[in-house]
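Student: Can we go through this model together? I'd like the overall picture, then some details.

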Amino acid sequence: MRLKNGEVCLGWPLSQHILTQGWYYNDGSLHQAIDMRAIVGTPVMAAEEGTVEIVYHWNGKRTQGDTNSYGNMVKIRHANWNGGTLHTLYAHLNSINVKQGQVVKTGEVIGYSGNTGNSFGAHLHFEVRWKNKRTNPLVWLDNDFTTATDKVFTFRTGEHSVDCSVGESDKPASSNVQPADKAETELWGIDVSKYQGNINWRKVAAAGVKFAMLRAVSTNKNGIYIDPTFEQNYKGARENGIPVGAYFFTYAQDEATQNKEFEMLFKALDGKTLQYPVALDIEDKNTASIGKDKLTALVKRGLDIINQRGYKPMLYTYTNYKAAYLDMTKLAAYDLWLADYRVGVNQKGKCQMWQYSSKGVVAGINGNCDMNWCYKAYASEAVGVSTPKPAQKAIVFKAGRWNVRKGPGTEYASVGVITSPDAKTGKVVTIGYSDVVNGWYKTLYGYVGPAAVASHT
């Protein structure tokens, strides 16, 4: 709870508060958590109201130094405190009661203690993270605890328990939202492809998934292809009330290849209604060999094509890739879906969608899938992706001086001349047209003959 003096007093996650290990292990090595005595099956409670951010299911292997070493684990995000995010983490659980994205109350049972992960005896491993850094949990709790032995470390110099006697603040913890934490929304979702196989979308919906990004197109040694699960994933998600978007993995290093990717993409999207963006997924290092400037220009062109077709464009990439291979100043106008799996990193406020893990476990999906937080209310937008508008029709001129005529043929008088490239800008001239009559393009200025046209859409 939040106290009248501005401090936080978390609730104990177990009914008995017996510490077996402190901030430092009993051998003096750094632990950065506390361990509490508990037999298998002891109820574990949320230390404060909040939203379940991570539910991790142990793979059965005793590993070290990775997420799996926590065993079955729950991580809860609480209201911000003093300008920073606040999380609690509960590890080595025997079983889990909650789902990702679920809102829990203080004292609600979220699981039961166990001996999973890198553990050699039943207990609860409890962490408190402020601003995504581990802090001594005992400075967030009252002094109602005992230690199993006199070797258990408690406080460093200057640290102490929380004095909860000052009383609870009149404002609930949920009202303590810092300006940097504000967003239109915060929705939990997934992205899937053929690698997730056949998905039970009814179970996925029941697990609390609020949106799904579906892979539509990619490329392999045989060429560009539509993901074989795209149709069934689209149908399954929509039938179970899950809003969807789409993405395609691009390997294009030139406009011709990119055009072929889009031809396949729009074939896959034909007749479908999307509530979320269409994302251009750029993450292949070989593709980046064309250089930052060329790659950025090609990505921008792709995003513009998505927009021209009436969809909401989005760029997908990962943190190191965008830093090394893309000029993000030229892509700042587009929504960003950013992959970053680093421990202790939170990308909220830095992108519209954050892919925070590739090892999520969701009911209805066999194996792991990518997990995301979305910070923009796409499904409520009135424009963009729900009904694609026709592509704008345009002609690209060949180099030269070309007559524009009053009618569709050389027998009609010239009403003007268009020179391409443009004398001032040096750019190839492109103009829109509304119709084709006898092979001539009807434009705002008059009719342009086929000999002048290098390409058209």
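Student: Fine, what are the ground rules?

Tutor: This is a predicted model, where local features need pLDDT of at least 70 and side-chain atom pairs count only at pLDDT 80 or more, while totals for chains, interfaces and linings use all residues. Residues are numbered from 1 along each chain as its sequence is written, and side-chain values use heavy atoms, with hydrogens and water left out.

Student: How many helices and strands are in the protein chain?

Tutor: The protein chain has 5 helices and 28 strands. These are DSSP runs numbered from the N terminus: helices are H or I with at least four residues, strands are E with at least two.

Student: And why is it called more spread out than a compact globule?

Tutor: Because its radius of gyration is 28 Å, well over the 23 Å that the globule rule gives for 457 residues. The radius is taken over C-alpha atoms, and the rule is 2.2 Å times the number of residues to the power 0.38. Along the principal axes, the C-alpha trace spans about 105 × 45 × 40 Å.

Student: What share of the residues is buried?

Tutor: 48% of the 457 residues. Buried means under 20% relative accessible area, exposed over 50%, and partly exposed in between, with a 1.4 Å probe and protein chains only.

Student: Switching to charges, how many salt bridges are there?

Tutor: The count comes to 15, taking a side-chain nitrogen of Lys or Arg within 4 Å of a carboxyl oxygen of Asp or Glu. One of them joins Arg-77 and Glu-186, at 3.8 Å from N to O. Arg-77 lies in strand 5 (residues 72-81) and Glu-186 in the loop between strand 11 (146-147) and strand 12 (187-192), so the pair ties together parts 109 residues apart in sequence.

Student: Is Glu-186 buried or partly exposed?

Tutor: Glu-186 is partly exposed, at 32% relative accessible area, whereas Arg-77 is buried at 8%.

Student: Which residues pair up within helix 4?

Tutor: Asp-304 and Lys-300 form a salt bridge of 3.2 Å, N to O. Both lie in helix 4 (residues 292-308), 4 residues apart, about one turn of the helix. Elsewhere, salt bridges that share partners join Glu-127, Arg-129 and Arg-134 into one network.

Student: Last one: what does Glu-53 touch?

Tutor: Its contacts (heavy atoms within 4.5 Å) include Arg-77, His-87 and Trp-373, leaving aside residues up to four places away in sequence. Glu-53 sits in strand 4 (residues 50-56) and counts as buried at 5% relative accessibility.
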